[in-house]
Amino acid sequence: MFFFAVRRILASVLVLLVSSFLVFTLCAASFDPLAKYYNLNPRPPESFFTNLREQLGLNDNFFLRYWHWLSGAVTGDFGETINGTPVADQLFGRILVTGRMIVAAVVIAVILAIVVGVIGAVRQHRPSDYLFTFLVYVLIALPTFWFAALLKEFVAGGVNDLFGAQVLFTIGEETPGLSLYASGWELWSDRLGHLVLPTVSLALLSFAAWSRFQRSAMLDVLGSDYMRLARAKGLTYRRTVVRHGLRNALIPLTTVVALGIGTLFGGAVITETVFVWHGMGEYLLSNGIGENDINVVLGWLLVSAVFVVLFNLMADLLYAVLDPRIRLA
Amino acid sequence: MKLSKRSAAVLAAGVAGAMTLSACGGSDDGGGGGSESGGSGQVVFGESTDFPENLFPLISAGNATSTANIEAQLFPQTFEVQPDFTVKWNEELLTEEPVSEVTGDTQTVTYKLNPDAVWSDGEPITADDFDVAWRMQRSSDPANGGCPELLSTSGYEQITAVEGTDEGKTVTVTYSPPFADWQASFTGNNSPLFPAHVVDAPTQEELCAKVAAGWPIADGIPSDISGGPWQLKKENIDVGGQIAVLTPNENFWGEKPKVARLVFQNIGNDPTTAVQGLSRGELNMIYPQPQLDLVDQVADLAPNVESEISFGLSFEHLDFNSQDPHLADVNVRKAFALALDRQQVVDQTVGQFSSDAEVLNNHIWKTNQPEYEDNAPAEYNAANPEQAKQLLQQSGYTLGQDGVFTHPQRGRLAIQIDTTANNPLRQTTIEVMIPQLKAAGIEGTFNANTDIFNGPDKPTSLIAGGFQAAVFAWVGNPFVSAQPPIYQSPQGDAVGQNYARVGTPEIDALFAELIRTTERERQVEITNQIDVLLWDLMPTLPLYQKPTFIAYSSNIDGVVDNPTQAGPLWNASTWTVE
């Protein structure tokens with residue numbers, strides 16, 4: 001098991017190295033961080049451009065630039081943005097922001113996916129199955145930005161009207177400036193009020209696809225011989241479904257969820273934008289690509305890739321827990 | 001699976017409980033803040049541009065709209081640009097209007113500072129603060145003791161001395177040669193006065209090092225210093241949450257703000273987010289790029305939300321590259337302009353926002369500036385395809401069978417019009433032009449050019465000159481010294497910002513006079529003379545000004561949009577919240 005994990009980690013490092021080089025190449029070829037200054041009127045003096053080019057290392061050889069970045073990144077120094085802010089400072093804060101948004105969402109989504117998937121499989125072709133199938137497909141078909149906008153418009157509006165006060169919020173992690181003059185319960189309840197809608201939005205949209213995986217995995221398992229055997233041994237139906245069926249049927253979902261979490265850490269881009277959470281997704285889009293900032297893009301890439309690799313590894317380890325046959329010597 | 005079932009139940013209960021708790025908590029929270037934020041006297045401004053990374057406005061890192069908005073009332077300025085585009089001296093900072101005198105090749109400007117004017121730490125505002133602003137910005141050449149990080153040295157490079165008398169409360173600034181825009185020195189969110197006792201350094205190198213580092217947002221403004229009605233304290237900056245809160249400067253000598261807090265919350269540029277935030281009361285004011293559905297949605301929020309469209313100083317225009325074989329011929333440039341019905345272009349673009357939208361008929365001044373004169377010859381006021389065809393025929397073009405003119409040497413009259421990618425307004429502008437051009441026998445095509453604003457190493461950029469015609473914007477201002485680089489004749493490879501690459505000695509001579517002329521009346525005369533000449537040379541064709549859009553909760557009193565670089569928060573200290 002240990003060697004298996006080590007082998008996987010080594011392979012991942014290679015993947016990270018290659019992907020960072022490819023992304024570096026693409027960014028170096030297409031980004032011009034000086035572009036926005038050429039058309040300032042009046043244009044900044046020539047010494048401004050010379051200085052900035054020098055400072056950002058744009059005059060250096062391509063491979064040298066990559067080496068500078070890589071040798072820094074290995075020691076945890078992700079360089080600075082074009083405006084001189086250390087990238088590492090931003091990255092770690094933003095992982096926490098994204099993390100806060102997705103943790104509850106993933107837990108809710110997994111529970112819902114299992115429950116709905118199992119019910120759908122056990123009661124295949126019954127009204128409840130059709131109802132869930134219909135709802136789930138509606139959710140899958142809804143674009144994230146629209147679903148989020150609907151939540152803000154109707155759920156936030158409805159709940160707030162019901163209580164006659166601002167209970168659910170649609171922007172940011174907390175009422176801006178609240179931490180300056182409030183503390184304790186008032187602050188935490190305000191943060192919860194901000195957390196609900198993004199969580200619900202992410203949870204429902206992630207759960208929808210996951211529940212289909214769970215349903216089909218469960219259907220496969222339900223028709224298998226060992227299930228019939230378990231029933232023949234005299235086990236109750238409930239016990240066979242939960243202990244023998246569900247446990248086996250969880251394996252495919254584990255993969256999907258693990259990959260899903262890894263990707264979500266890279267940025268639930270749309271959800272973050274719509275609810276104005278300054279997390280990883282926003283960092284890539286507006287600070288990285290929007291500002292033509294190569295260090296930001298690479299920093300983002302490295303951290304998100306690490307999360308994808310990490311959760312994949314966890315999925316592999318979980319297989320072994322769920323299915324003793326997979327355990328390696 | 002017993003364990004996971006149990007833990008799942010616990011988790012489910014926890015989440016459900018958290019939601020219930022948040023609901024209860026939220027309800028008693030609503031009384032103190034949220035939609036009733038007016039009661040606690042704060043205004044939440046939804047900033048749609050990127051959160052600042054640096055608060056020092058003279059360098060690229062601090063050159064952001066968000067920084068300018070935050071600092072609109074933090075550092076004192078000698079003159080202030082008003083919403084009507086006029087320039088007014090700062091009656092809180094100064095005791096009388098500054099006087100400018102020119103003798104020979106020297107100009108002296110005298111400022112009389114208010115004896116009560118102090119920085120937030122109690123230090124008086126004196127000539128030293130003018131002096132340090134000058135020493136920071138007088139040169140960008142390191143060989144000359146300058147700071148290469150500076151975005152601009154305009155005006156400051158012409159200052160030869162800054163002297164203080166009356167304990168520094170009378171400041172005499174000497175320029176040589178005279179500077180036309182002397183009112184722009186020590187003015188504007190991006191070049192105000194700086195506190196010498198905080199920013200100065202013993203040597204010029206150390207001063208430049210301080211300029212280069214600027215004020216990173218995480219460290220705030222050094223000593224939390226302010227010389228205006230508001231103050232930004234370091235503890236009130238939340239970098240992760242992208243929130244900055246201004247509070248009144250207790251030591252401000254003038255009229256103090258009437259609102260307890262001015263909160264900047266970065267909300268990104270998603271229009272739905274802005275509108276929903278405004279309608280839920282989470283935001284009290286937004287200043288986004290106007291888009292049609294955004295404007296309509298905000299209009300539906302009346303009477304709780306007021307909104308206003310203004311036409312600002314940013315204007316779209318068409319640039320003709322005179323290095324193109326066709327467009328090198330002034331007749332072709334004029335025929336192009338004659339073919340266009342600019343009123344229709346306006347109606348299909350900015351005219352959709354407001355019936356006040358007008359065709360812009362001056363290269364230098366905007367329709368709502370007091371200096372504006374409509375200098376466009378009458379034939380450009382409507383589509384004039386016949387006259388366009390005559391001009392083309394004069395230049396040796398013949399109408400081909402496909403209805404497009406061709407020239408024996410230059411070939412078919414097909415002009416590609418470049419513009420920025422992903423800009424619907426500009427794309428519509430060009431799409432409206434194409435059939436108009438067709439009627440005059442000119443084939444126009446649209447091209448989204450992602451390299452348009454890039455540097456000289458990208459062949460299709462404006463600077464490199466690899467384009468035929470281009471639609472993009474310049475930002476005007478009440479001053480004149482930014483104009484010469486756009487219209488002066490290029491000197492060899494040094495095109496400046498004259499991407500049309502054409503000029504005349506007559507225009508150059510007028511500009512040379514303009515940048516040394518300090519009287520406003522004469523400046524206006526010269527600029528309008530230049531504009532008349534530009535219509536005859538036709539290097540560029542002005543189209544229309546771009547709208548700005550402000551929307552705010554109707555319980556805020558005193559909001560007046562300032563569609564210049566001063567921005568919407570220029571008078572935030574005078575607002576009241578009911």
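From the N terminus on, the elements of chain A run α-α-α-α-α-α-α-α-α-α-α-α-α-α. That makes 14 helices and zero strands in chain A, where helices (H or I, at least four residues) and strands (E, at least two) are DSSP runs, numbered from the N terminus. Keep in mind that this is a predicted model, in which local features need pLDDT of at least 70, side-chain atom pairs count only at pLDDT 80 or more, and totals for chains, interfaces and linings use all residues. As for labels, residues are numbered from 1 along each chain as its sequence is written, while chains are lettered from A and ligands numbered from 1 in the order in which they are written.

Let's stay with chain A for a moment. Its C-alpha trace spans about 85 × 60 × 35 Å along the principal axes. Of the 329 residues in chain A, 39% are buried; a residue is buried if 20 or more other C-beta atoms lie within 10 Å of its own, exposed if 12 or fewer, and partly exposed in between, with C-beta atoms placed from the backbone. Now look at helix α10 (residues 225-232) of chain A: the count of buried residues among its eight residues is zero. Just after α10(A) comes Gly234(A), with a positive phi of about 105°.

Not counting residues up to four places away in sequence, Ala105(A) touches Thr199(A), Leu202(A), Ala203(A) and Ser206(A). Two residues are in contact if their C-beta atoms, placed from the backbone, lie within 7 Å.

So how do the two chains meet? The contact takes 65 residues from chain B and 62 residues from chain A. On the chain B side, α1(B) gives the most, with 13 residues. By class, that side has 27 nonpolar, 29 polar and nine charged residues. Here Ala, Val, Leu, Ile, Met, Phe, Trp, Tyr, Cys and Pro count as nonpolar, Asp, Glu, Lys and Arg as charged, and the others, Gly among them, as polar.

Chain B itself is divided into domain 1 (5-75 + 216-311 + 547-577), domain 2 (79-212) and domain 3 (313-546), with bounds that come from an automatic or database domain assignment. The centres of domain 1 and domain 3 of chain B, taken over C-alpha atoms, are separated by 38 Å. Where these two touch, domain 1 of chain B puts in nine residues and domain 3 of chain B twelve.

Next, find the open sheet of chain B, where three strands follow the order β13-β14-β15 with antiparallel pairing. Two strands pair if DSSP finds at least two bridges between them. The edge strands are β13 (398-399) and β15 (411-412) of chain B, each pairing on one side only. In β14(B), Thr406(B) stands opposite Thr398(B).

Finally, Gln468(B) lies in the loop between β17 (443-448) and β18 (469-475) of chain B. Why does this residue count as buried? Because Gln468(B) has 20 other C-beta atoms within 10 Å. Leaving aside neighbours within four places in sequence, its contacts are Asn321(B), Asp324(B), Leu327(B), Ile415(B) and Gln416(B).
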